[in-house]
Amino acid sequence: MSKKIEAEEVTSRRKLLVSVAGVAAGAGLLAAGGASAAAKPAAAAANAPGKLSINSVTVKDGTVIHFKDWGTGTPVVFSHGWPLQGDAWEDQMMFLASHGYRVIAHDRRGHGLSSQPWQGNDMDTYADDLATLLDALDIKGATLVGHSTGGGEVARYIGRHGEKRVAKAVLVGAVPPQMVKSETNPGGLPMSVFDGIRAGVLADRSQFFKDLTVPFFGANRPGNKVSQGMRDTFWLQGMQCGIKNAYDCIKQFSETDFTADLKKISVPTLVVHGGDDQIVPIDASGKAAAKLIKNAKLVIYEGAPHGLPATHKDRLNEDLLAFIKS
């Protein structure tokens, strides 16, 4: 081989090596530098509003809402109370899914396995998050079921987004029309009650949640048989809620006026309330809400506490099944 040919081959190999090295270096930058121009669109797509995975949906501000979606058939969508999560509905979800229904329960933003954003902890956003979930799953003809704060979420959802995806509604121990006492709501609870809840959350929320299980489940009533496990489950779920989210939500469930939302509900609505609810007293909530909803049926569980989805699960399960079938 001539020296000229040999030199040309060496030059060609060097050019090839330089080219390969450049490609490798570029690939390394793309892999390691998540800020590269090529990487940004991929990251943005992963967090795009309405982005749906097997158990979460991303809403417009980037918050990720976790949910469970079990079974098949007519959909039943659950909204939980404060400071709990979708698992608070597990008894009803297991029962209805076993009876041929599709059951869906999400963790409200800041609660359970959902993101814990600093902003957006308000009832309008809660309702919009629920709307994003229902839109992403293309839910139609659903029965919306809300307990406590979740009942407010259901009412505000219908108030803001209408009934195009809703066939029926159920409010269980729900906070509407309004909890706090005011000139227009003389039967409500004084603001000092909610200020006390805020103080408890800030001072020692772990102990506060443990103490709250007493009135929540009626453990202070003669003959009450609530188990320690049931009370421990409340504490465990409560501690998975972000402290900022838990704190902000107190204002939402206590001060929000749902009167206008309730008046917009026209679908058949079941209002279930415990006669001995020490958290959300029945007169200013369940009874008042049933009067404002056009097509409502009020069912009172005499002697039942606020946590009746757990303490009276068998009766509630049967009532839900009968109402959905009717």
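How many nonpolar, polar and charged residues are in the lining of the largest cavity? Six are nonpolar, four are polar and none is charged. (Ala, Val, Leu, Ile, Met, Phe, Trp, Tyr, Cys and Pro count as nonpolar, Asp, Glu, Lys and Arg as charged, and the others, Gly among them, as polar.)

Before you click on, some ground rules. This is a predicted model, where local features need pLDDT of at least 70 and side-chain atom pairs count only at pLDDT 80 or more, while totals for chains, interfaces and linings use all residues. Residues are numbered from 1 along each chain as its sequence is written, and side-chain values use heavy atoms, leaving out hydrogens and water.

**Stop 1: the cavity**

On a 1 Å grid over the protein atoms alone, a cavity is a set of points where a 1.4 Å probe fits but cannot get out; a pocket is an open set with protein on both sides within 12 Å along at least five of seven lines; and lining residues have an atom within 4 Å of a point. Grid points are joined across faces, edges and corners, and a volume is the space filled by probe spheres set on the points.

Now pick Pro176 and Pro177: the peptide bond between them is cis, with omega near 5 degrees. Pro177 sits in the loop between strand 6 (166-172) and helix 6. Helices (H or I, at least four residues) and strands (E, at least two) are DSSP runs, numbered from the N terminus.

**Stop 2: helix 6 against helix 8**

Colour residues 191-217 (helix 6) and 243-255 (helix 8): they pack at about 170 degrees, with axes 10 Å apart. The axes are lines fitted to C-alpha atoms over the stretch in contact, and angles run from 0 to 180 degrees between N-to-C directions. The two helices are therefore roughly antiparallel, a label for angles over 145 degrees. On the helix 6 side, show Met191, Phe194, Ile197, Arg198, Val201, Leu202 and Arg205; on helix 8, show Ile243, Tyr247, Ile250, Lys251, Phe253, Ser254 and Glu255. Contact here means heavy atoms within 4.5 Å. By class, these residues are nine nonpolar, one polar and four charged.

**Stop 3: two pockets**

Select Ala88, Phe217, Met230, Thr233 and Ala310, which lie nearest the centre of the largest pocket among its 20 lining residues. The space inside is about 320 Å³. Helix 7 gives the largest share of the lining, five residues. Nine lining residues are nonpolar, eight polar and three charged.

Helix 6 gives the most here, with six residues. The lining has 13 nonpolar, four polar and no charged residues.

Stay on Trp82: a cis peptide bond joins Trp82 to Pro83, with omega about -5 degrees.

**Stop 4**

Show Asp124 and Arg156, whose side chains meet in a salt bridge at 2.6 Å, N to O. (That is a side-chain nitrogen of Lys or Arg within 4 Å of a carboxyl oxygen of Asp or Glu.) Asp124 is in helix 4 (residues 123-137) and Arg156 in helix 5 (residues 149-161), so the pair ties together parts 32 residues apart in sequence.

Finish at Asp138, in the loop between helix 4 and strand 5 (142-147). Phi of Asp138 is near 50 degrees, a positive value in a residue other than glycine.

Definitions and conventions. Parallel < 35°, antiparallel > 145°, perpendicular 65-115°, else oblique.
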